[in-house]
Amino acid sequence: MAKTSLRRAQRLAGSAEKAVRAAAAPLRNFGFPYRAPTVPRGVEVPAEVTGLGAHYDTEWARRPLAAFARGVIAEGPIRLATRVLTNPEIVGHDRLSDLSRLDDPPPVIFAPTHHSHFDTGLMIRAIPTVWRRRLVVAAAADYFFDKKWKAVISALSLNAIPIDREVTGRASSDALTALIADGYSLVIYPEGGRSPDGWGQGFKGGAAYLSSKTGAPVVPVFIDGTGAIFGKGMKRPKAGRTTVLFGHAMRAGEDESTRRFNARIEAAVTTLGDEALNDFWTARQRAATGDNPPLTGPEYTGWRRDWALAERRKLGAAGKRRRERRAWPDLG
Amino acid sequence: MPRPGFVLDVDRSTPPMLFWRGENFSLEKLPADRSRVIYGPEPLAGIDDVDGAIREALLNPLDMDPLPALLTPGMKLTICFDDASLSLPKMRRPDTRQRIIEAVLELAAAAGVDDVHLIAALGLHRRMHDYELRHVLGDRIFDAFHPRGLLYQHDAEDHDNLTVIGETDEGEVVEISKRVAESDLVVYANVNQVAMDGGWKSITTGVASYRCLSYHHNPATLQNTRSLMDRHHSALHHSLWRMGEVLREHGPKIFTVETTLNTDTFPSPFDFLAKREWEWNAKDRATFLATQKSLDRIPLKMRRKIMHSIESPYRMTGVHAGFTPTVHERTLDNVYAQHLVDVEGQTDILTMGIPYICPYNPEGIMNPILVMCMGLGYLFNMYRGKPLVREGGVIIMTHPTYRDFHSVHHPSYIDFFEEVLADTTDPAVMSEKWERKYAEDEWYRHLYRTGNAYHGVHPFYAWYWGAHGQQHAGRVIIVGGDAPTVRRLGFTPASTMNDALEIASDVVGRSASITHLHVPSVLVADVK
C-alpha cells in the first residue's frame, strides 16, 4: 500500500516537473511561427517603419497642453540647471533689436556652435523672448529619437525635431521647412553634432539651405564654455561659466549659392568666437584680413592640439577672471 | 498714419490738461474761450532696417566721397560722439551712436585702419560714468577700446592737448582737441533730437576749449538767438557756422553722420503721457491716478530714480552722412517734419510744465538753475518765426523747484545759486562780474577733469541759455515751487494755476489769451 502511494507520488512529481520544464523551455526551442522567420541568404529585408528615429511624429508636442508643459519645464528645471551649472552671460541681443521689436517678428534660424548637451538648454534660455515661444530644435534622430522614452522627453522638453544625420533625405528638411513657414524659429547646429575633442567642426550646409529655401534669416551664435562643463565624453557635469554671443541676422545674397552662404555663416561664427575671446575691434580687424583663429583649432594633432585647447579655454568664459581696471585720467 | 500736430481751442468741455511737475505731473483746468493748447505731431514711423540705412548713408554720403574711400591703412581716424545729454530720456539700447560707430569700425577694419580713437564730445559737460558710456556705445565698443585707453572723454582744460585751428573774421578763436585737429579723418556720430543739435555745433562745442566756447556762449549772443531751434536766425549758430568755416579751411576732414528720432518718448506704463487727454481710456486714467498718487507718496530720491530709469523706445526716422552743412540741412528737414506745428499769432500768457529732466541733469537733479534753463532756455525757444508769448507777456511754469543740488554733478551750481544769484540775476552783470572767477577756479577745474562734475562755468551758461526768454517775458511765475528759491531766481511763486493766472492779470490784464505748450512730446511752434 505504501509502495503504491509512493509510486503515485513519484508520477505526480514527474508530471509536475515535466509541466514546469515545458513552461520554462526557452522560446528558441520553438521555431517559426513562434519566432521571427530567418532570412534567406542574399535577400535584403526592407527596414520596418518603427515610428522612431527620423520618422518620429512630433506633432503632438506642439499642441497647447504640451507647449504649456514645456513652458513649465523650460522655466523650471531647465532654467535652474542652466543657471546653476552654466552661469551664462548672454550678449548681442541688441544686434537683433530691429527684428525683435517688430510687431510680428519673422521666424529665424539660430546657428550656434555645439560642444555639449547643455547647449540646447542654454539656447532656449538665451534666445530673445519673442522667438522663444515658437521655437523648435533640430536634434539627431539616431541619438535623441532611437528609443520611445528618449523621443518623448526630447519632443516634450525641447520641442526637438528629429533630423537624420546619416541619410541625406528630404523628409527632415521638408518637415523643418514646413515648421518655419508656420512661424516656428529653429535652432540647428551647423556642425552636425557635439565636438569630439573640444575644438569646433566644419559647418554643414543645413542652416544655409533652410534659410535659402524659406527666406528666414540665419543668426550666427557662438557658445563659449559648455565644452568645459559637460563636453562629449565627460561622465558628469562640472559647473562653470559660459557666454552666449549673438551675431547680426544674415540672409543669402541674390545669387549666392548655399555653399558660399554657409561659408559666410561659418566665418561670422568664427568672428564671434574671436570677439568672445578678445574684443569686438580685434575680431573685426582680423576678420578683414582673414586672421580670426579658426574654430576648428590648429592644424597639428596630438598633445599640442590639447595644449592649445587648454590655452584657448583660459581666454574664454571658462577661464574668465579678469577684472576691469579703472582708467583714471592722466593729467600729466 | 501719424496725425499732425494741432492747436486746440479750449472750451467748457475740454478736460484738464497735463502738466509736468518735475518728477510728477498734474492736471490743470485752463480757462475756456481764451486758452489754447499746442499738441505736437504723433511719432513718425521709424526705419525698420536701421543698420542697413546707416550703411547706405556711409556708402552714399552727401557732398563727400564714400567713407571706404576716405579710409586708408596707416591713417589717424578719430570718432567723436554726443554725450549723455542726448537723447532725453536715454534711448533703449542699442543707441544709434553705437550702431553708427560699429558700422564705421567695420569699414575701418576692412580698410586696415589701426589708429582709431573714440572721443566723447562733452564740451564743458560732466564726464560720463562708465555705465553711461556702455549704454551709449554698447559693451562691444566699450570693452574693445576703453581698457586700451582709446576711448576717452574730451577734456576742455587739458591745454597740452588743445590746439588753435584759426580765427574767424569776427576774431573768434577756434581751439579744439589736438587729436581731432591732427586726425586724417574725423567721423562725428550725432543724435539730433531737436533742431538745435548737430551741424558745426557738434565739433565746435563738443571738443572745444572754454576759450572757444566763450565766444558764443555769452549773454549778448544768446539774447540775439531767435531761436535756438532756428539756426538761420540764431546768433549762436551764426557764430558756430563761422567757426565751422575755419574748420573746413584749416581743420581736419570731417565726415558727419546725423540721425533723427521720432517722438515715441515714453514706454508703458507712461505711454498715456503722449496721448491727448480726451483720448485717455479707463486704463490710462487708472494708470495716471495710480502713478501720480504713488509718486506723491514715495521719497523724492526714489521718485527720481524711477523717472531717470525710463528708457525711451525712440525710433530712428532718418540718417544722413557726409559734408557737415549739407547733412545738417537734410537733418533739419527731418526734425521739422516731426516737430513743427503751425500756430497763428502770439499769446499773452504761455504755460508749460517743467519735467524732471533737461540736457544738463541726466541721472541727476533738476536744480533751480536748470528749471530756469529748461523753461526759459529750451521750452521758450521751441519756436520758429516769433516767440509764442508776446514781448512783455507772462510765462507760467509748473515745477516744485526745490533747493536741491547734485553735489557731484553740479558743485559750481551750488555756489552760483548762493553767491551769484544772491547778487544778480542779470546775465550781462554776472558775466562781467562773476564768470571768470568760476571758470578759472582750480577746485571746479579739478572736479571737471577727474570726477563727474560740470565745468565751473556751466551754471552761467545754463543761465545765459534762458537770457532771451528772461529779457522777453514781463513776468515769470512758477506754480508749486519753493517760494524762497523761486524768488532767488527772480521769479514769482504761486500755489496754484488759478493764483498764477490771477498774478499774471496784473501784467497782461484779466482777459489775456493763454497758450499751453503740451510738453510730453517735443514740438516747435511755427508762429505766424
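Me: Helices (H or I, at least four residues) and strands (E, at least two) are DSSP runs, numbered from the N terminus. Which residue with a positive phi follows helix α7 of chain A?

Reply: This is a predicted model, in which local features need pLDDT of at least 70, side-chain atom pairs count only at pLDDT 80 or more, and totals for chains, interfaces and linings use all residues. Residues are numbered from 1 along each chain as its sequence is written, while chains are lettered from A and ligands numbered from 1 in the order in which they are written. Helix α7(A) covers residues 148–158. The residue that follows α7(A), with a positive phi near 55 degrees, is Asn159(A).

Me: Which elements do the buried residues of α7(A) pack against?

Reply: A residue is buried if 20 or more other C-beta atoms lie within 10 Å of its own, exposed if 12 or fewer, and partly exposed in between, with C-beta atoms placed from the backbone. In α7(A), the buried residues are Ala151(A), Ser154(A), Ala155(A), Ser157(A) and Leu158(A). Their packing partners in chain A are α2 (64–86), α4 (118–126), β3 (135–140), α6 (141–144) and β4 (160–163).

Me: Which element gives the largest share of the side of chain B that touches chain A?

Reply: Two residues are in contact if their C-beta atoms, placed from the backbone, lie within 7 Å. The contact between the chains takes 18 residues from chain A and 25 residues from chain B. On the side of chain B, two or more residues each come from α1 (50–59), α3 (96–110), α4 (130–145) and α17 (442–450). The largest share, seven residues, belongs to α4(B).

Me: How are α12(A) and α4(B) oriented to each other?

Reply: Axes are lines fitted to C-alpha atoms, for helices over the stretch in contact, and angles run from 0 to 180 degrees between N-to-C directions. Helix α12(A), residues 280–289, packs with α4(B) at an angle of about 90 degrees, the axes being 7 Å apart. Angles under 35 degrees count as roughly parallel, over 145 as roughly antiparallel, 65 to 115 as roughly perpendicular and the rest as oblique. The two helices α12(A) and α4(B) are therefore roughly perpendicular.

Me: Which residues of α4(B) make the contact with α12(A)?

Reply: The buried residues of α12(A) pack against α11 (258–277) of chain A together with α3 and α4 of chain B. From α12(A), the contact with α4(B) uses Phe280(A), Trp281(A) and Thr282(A). From α4(B), it uses Arg140(B), Ile141(B), Asp143(B), Ala144(B) and Phe145(B).

Me: Which element gives the most to the side of domain 1 of chain B that touches domain 2 of chain B?

Reply: Domain bounds come from an automatic or database domain assignment, which gives domain 1 (6–43 + 338–527) and domain 2 (50–261) in chain B. The contact takes 30 residues from domain 1 and 26 residues from domain 2 of chain B. Elements giving two or more residues to the domain 1 side include β15 (383–385), α15 (427–433) and α19 (467–472) of chain B. The element that gives the most to the domain 1 side, with four residues, is α18(B).
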